[in-house]
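Please read the following note alongside the sequence and the coordinates.

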Amino acid sequence: MPMKNDYQKGWALRYLREAKEELIAAQKTPYMAPSLILEAVKKAQAAIYYSLGDPTSIETIVRQTIYKNQLVEDPVLKCLVEIERTIQEVARTAESEREKALKQADDLVRTAKDIVELFTGETAD
């Protein structure tokens with residue numbers, strides 16, 4: 001189910017590349033790791049949002065769902081809510097438990113890669 005919009009596709013692939021680079025930088029520069037890890041997960045999320053459609057609308061829907069603490073049955077929305085919660089957790093743990101935050105960020109970037117590849121029809125290596 002590849003995307004038809006090259007603009008969104010381009011941004012999705014760019015954010016994914018940048019998320020991967022942020023993780024590499026976080027591993028190489030421990031003193032900057034907390035901010036780099038947080039940037040990596042935010043860019044991975046942005047890559048997902050761009051691959052799915054309008055990022056602003058998707059973000060609004062996800063945040064409203066979390067704010068209202070609604071039961072989520074839609075599998076895509078459920079996944080997006082879990083990603084947002086993971087980002088919030090990474091933000092809280094990035095400084096105190098760097099290795100845990102790095103693992104969570106790496107998992108999220110891998111998930112983003114799978115989603116972006118599915119919706120863009122391109123290999124994102």
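1. Leu118 is exposed, because its relative accessible area is 52%, where exposed means over 50%, buried means under 20%, and partly exposed lies in between, with a 1.4 Å probe and protein chains only. Leu118 is placed in helix H5, helices (H or I, at least four residues) and strands (E, at least two) being DSSP runs numbered from the N terminus.

2. A word on provenance is needed here. This is a predicted model, in which local features need pLDDT of at least 70 and side-chain atom pairs count only at pLDDT 80 or more, whereas totals for chains, interfaces and linings use all residues. Residues are numbered from 1 along each chain as its sequence is written, and side-chain values use heavy atoms, with hydrogens and water left out.

3. Helix H5 covers residues 98-120, and its 23 residues reach 32 Å from the first C-alpha to the last, close to the 33 Å expected at 1.5 Å a residue; the expected span is 1.5 Å times one less than the number of residues in the helix. The buried residues of H5 include Ala101, Leu102, Leu108, Val109, Ile115, Val116 and Phe119. Among the elements that cover the buried residues of H5 are helix H1 (6-28), helix H2 (33-52) and helix H4 (75-93), contact meaning heavy atoms within 4.5 Å. After H5 comes Gly121, whose phi is positive, near 75°.

4. Helix H4 has 19 residues and reaches 27 Å from its first C-alpha to its last, close to the 27 Å expected at 1.5 Å a residue. Buried in H4 are Leu77, Leu80, Val81, Ile83, Glu84, Ile87, Val90 and Thr93, and the buried residues of this helix pack against H2, H3 and H5.

5. Which residues does Thr65 contact, leaving aside its neighbours within four places in sequence? They are Gln70, Val72, Leu77 and Val81; Leu77 and Val81 are also listed among the buried residues of H4. Thr65 itself lies in helix H3 (residues 55-68) and counts as buried because its relative accessibility is 4%.

6. Tyr50, found in helix H2, is buried, since its relative accessible area is 15%. Tyr50 and Leu13 are 37 residues apart along the chain, and their C-alpha atoms are separated by 8.8 Å.

7. For the chain as a whole, there are 5 helices and 0 strands, in the order α-α-α-α-α along the sequence. With 125 residues, a compact globule would have a radius of gyration near 14 Å, and the 14 Å of the chain agrees with this; the radius is taken over C-alpha atoms, and the globule rule is 2.2 Å times the number of residues to the power 0.38. The C-alpha atoms fill a box of roughly 40 × 35 × 20 Å along the principal axes.

8. Of the 125 residues of the chain, 42% count as buried. Among contacts in the chain with a separation of 6 or more, 66% come from residues 24 or more positions apart. The chain exposes about 7400 Å², of which carbon and sulfur atoms supply 52%, accessible areas coming from the Shrake-Rupley method with a 1.4 Å probe.
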